[in-house]
Amino acid sequence: MTPYRALEDVSVADAAFEIIGKDLNEVLRDAALATFSEMVDIYAVGGTEIREIKIEADNPEDLLFKWLEQLIYLKDAEYLWFGKFDVHIGQKGGKYLLEGTAYGEKITQDPKKMRTDVKAITRHKLKVEEFVFDDVEKKIRNGWRATFVLDI
Amino acid sequence: MFDQLKKISDTVWEIPPTFKAGMRVPARIYATEKLAREMDMQVYDQITNVATLPGILKYAYCMPDGHSGYGFPIGGVAAMDIDNGGVISPGGIGFDINCGMRLVTTNLTYDDIKPHLKQLVDELFQKVPAGVGASGFVKLNAPEFKKIITDGSEWCVEKGYAWKEDLEFTEEHGRIEGVDVSKISDKAIKRGLSQIGTLGSGNHYLEIQVAKPEFVFDKKIAEVFGITIPNQIVIMFHCGSRGFGHQVATDYLEKFLSVMERKYNIKILDRELACAPFNSPEGQDYFSAMKGALNMSFVNRQVILHRIREVFSKVLKQDAEKLGLNMVYDVAHNTAKLEKHKIDGEQKEVLVHRKGATRAFGPGREEIIPKYRSVGQPIIIGGSMETGSYLLAGTQGAMDQTFGSTCHGSGRTMSRTRAKHMYRGEELQKDMEKRGIYVKTVTFSGLAEEAGPAYKNIDDVIDAVHKADISRKVARFVPIGNVKG
């Protein structure tokens with residue numbers, strides 16, 4: 001089961017996702033996986049290129065936006081695609097602080113693994129909220145849910 | 001929703017300002033009844049949100065290819081009164097600033113090309129990079145890139161990537177003045193640095209097409225535009241400002257969100273409609289940066305044309321000049337421009353946002369080059385890769401009704417996710433080849449996303465704009481070769 005769900009009817013020309021996770025770390029990690037899954041078979045991406053990313057934001061939505069924006073920027077500016085992410089989010093002085101590590105490789109344009117380019121993360125339907133869900137063992141969990149739309 | 005629309009004519013439908021709180025003007029949908037019925041609710045929601053923007057004039061328009069976007073729907077047009085608090089909104093232009101179309105004629109016929117078609121498409125596929133991480137052959141550093149975004153296509157003439165006359169056949173002559181590079185982030189420049197001469201991905205493409213005589217609807221205008229030979233080969237391509245433009249849009253969307261309410265007391269119904277007064281420092285900064293992306297996109301398409309000329313020359317063993325690889329026109333369909341329009345009998349300079357909409361200036365407009373001025377500007381409309389594309393001409397009707405605007409393409413009806421579930425790219429490629437269209441694609445999943453049924457019927461869209469008299473049909477082109485991003 002993939003850790004993210006494509007939302008079919010939210011935006012016809014673009015790519016929309018829903019992520020549910022037990023905490024913000026998981027949700028933002030999986031949002032990054034969803035973003036790169038549009039561009040590449042993430043399971044076929046190596047981990048030789050590592051980028052450390054630090055983001056600060058006033059709220060979880062801005063945090064998600066800035067996180068994905070930075071990853072999309074690296075894709076174009078440094079020709080990298082990523083297949084694995086570690087995310088740690090803390091709070092200090094009312095701000096959300098993300099320390100992330102992205103593991104990837106230089107883009108090879110291998111047609112076997114390349115998919116469609118992502119232009120930008122949008123603010124359309126962007127939402128990060130606390131969410132109650134059933135986990136695989138049918139236990140009720142307090143977690144988080146995010147939805148976002150990528151411009152293709 | 002359709003039943004709530006007021007019919008103005010067979011191709012114009014109106015949503016009154018009473019429909020939604022905050023609407024300053026009505027919304028007008030340009031579509032046949034069939035297309036209007038098929039538009040999803042998000043389109044109506046978005047265009048009525050646009051109608052709430054400060055300074056909007058007359059109507060918030062949606063073209064017949066309209067579909068849901070963010071902020072503005074795709075196919076959205078809005079003109080703003082910049083002297084009375086009218087705003088500029090990046091959502092009214094799109095992330096892909098100056099995404100646009102270029103059309104090129106040749107003096108070749110289908111019979112001339114047929115033996116070489118596969119080789120031409122294969123070579124174009126090699127020479128015009130597309131897809132994620134594509135890098136162009138033009139190697140630039142930051143200072144040179146800044147020259148490009150200031151000088152536009154004039155830079156290409158200097159470097160040997162353009163014939164001087166190409167600029168005449170490009171909107172704005174391939175260069176719009178007023179770019180301040182200090183208003184553009186280093187991030188934007190870094191994203192775009194290696195992407196000059198690349199197609200991009202998604203719905204971007206390069207197509208070899210045929211002008212069959214039975215699809216030339218207005219012979220006189222077709223001849224003015226250079227369509228003169230039965231079964232003439234033309235080349236059409238669709239791309240924009242790549243990562244550079246996307247980052248400019250992102251940067252200013254965020255900037256406007258931070259100042260809009262706090263500084264200008266503007267409240268909006270959708271964050272993607274983030275805006276600032278056009279005459280504010282932030283509005284002017286974005287306008288200047290946006291113009292840089294406009295110029296970069298002109299350069300991108302110009303360099304791609306250079307590669308097309310190289311390939312045709314190599315494969316057909318003749319100079320590009322002898323092959324008649326001349327531009328018809330280059331149009332932008334994601335822009336905001338200052339234009340003079342007649343409002344209540346008086347000429348007024350307004351800011352026209354076109355997001356997935358094309359300028360359609362009619363006969364007599366001074367912005368149109370002398371060669372085309374008597375017939376109106378060319379409008380290049382891309383259909384799906386399976387159906388065909390159109391060449392139209394601008395009309396006085398467009399000037400009177402839609403601030404000189406018309407549609408830009410087919411408009412999607414099916415999400416990319418659904419298209420990937422329903423179609424297999426490999427099968428689509430084989431099927432298209434059986435139907436006489438040779439396609440080279442960067443990815444099969446990308447090809448599936450662009451399947452013909454994912455789009456509206458282009459003929460319906462074109463009939464709508466023709467009947468509404470906001471464009472005139474000139475010719476329809478049939479695809480025979482395609483490079484898909």
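**Aromatic rings and their surroundings**

In this predicted model, ring pairs join A:Phe36, A:Trp67, A:Phe82 and A:Phe85 into a cluster. Over all chains, a search of the whole structure finds 22 aromatic pairs.

One of these pairs is formed by B:Phe256 and B:Tyr286; their ring centres are 5.7 Å apart, with 75° between the planes, and the arrangement is edge-to-face. The pair links distant parts of the chain, since B:Phe256 belongs to helix H10 (residues 242–264) of chain B and B:Tyr286 to helix H11 (residues 281–316) of chain B, 30 residues apart. B:Phe256 counts as buried, at 0% relative accessibility, and B:Tyr286 is buried with a relative accessible area of 0%.

Chain B also contains the pair of B:Tyr329 and B:Tyr372, whose centres lie 6.1 Å apart and whose planes stand at 75°, so the pair is edge-to-face. Because B:Tyr329 lies in strand E11 (residues 326–332) and B:Tyr372 in helix H12 (residues 370–373), this pair ties together parts of chain B that are 43 residues apart in sequence. Both B:Tyr329 and B:Tyr372 are buried.

Rings may also meet charged groups. The charged end of B:Arg307 sits over the ring of B:Phe137, 3.9 Å from its centre. Likewise, the charged end of B:Arg476 sits over the ring of B:Phe215, at 5.2 Å from its centre.

Leaving aside neighbours within four places in sequence, B:Tyr59 is in contact with B:Glu14, B:Val25, B:Pro26, B:Arg28 and B:Val77. The side chains of B:Tyr59 and B:Arg28 are joined by a polar contact of 3.2 Å.

Notes
Residues are numbered from 1 along each chain as its sequence is written. Chains are lettered from A and ligands numbered from 1 in the order in which they are written. This is a predicted model: local features need pLDDT of at least 70, side-chain atom pairs count only at pLDDT 80 or more; totals for chains, interfaces and linings use all residues. Side-chain values use heavy atoms; hydrogens and water are left out. Contact means heavy atoms within 4.5 Å. A polar contact is a pair of N or O atoms within 3.5 Å; within protein, one must be able to donate a hydrogen and the other to accept it, and residues adjacent in sequence count only if both atoms are side-chain atoms. Rings of Phe, Tyr and Trp (its six-membered ring) pair if their centres lie within 6.5 Å; planes under 30 degrees apart count as stacked, over 60 as edge-to-face and the rest as tilted. Helices (H or I, at least four residues) and strands (E, at least two) are DSSP runs, numbered from the N terminus. Buried means under 20% relative accessible area, exposed over 50%, partly exposed in between (1.4 Å probe, protein chains only). A charge sits over a ring if NZ of Lys or CZ of Arg is within 6 Å of the ring centre and within 35 degrees of the ring normal.
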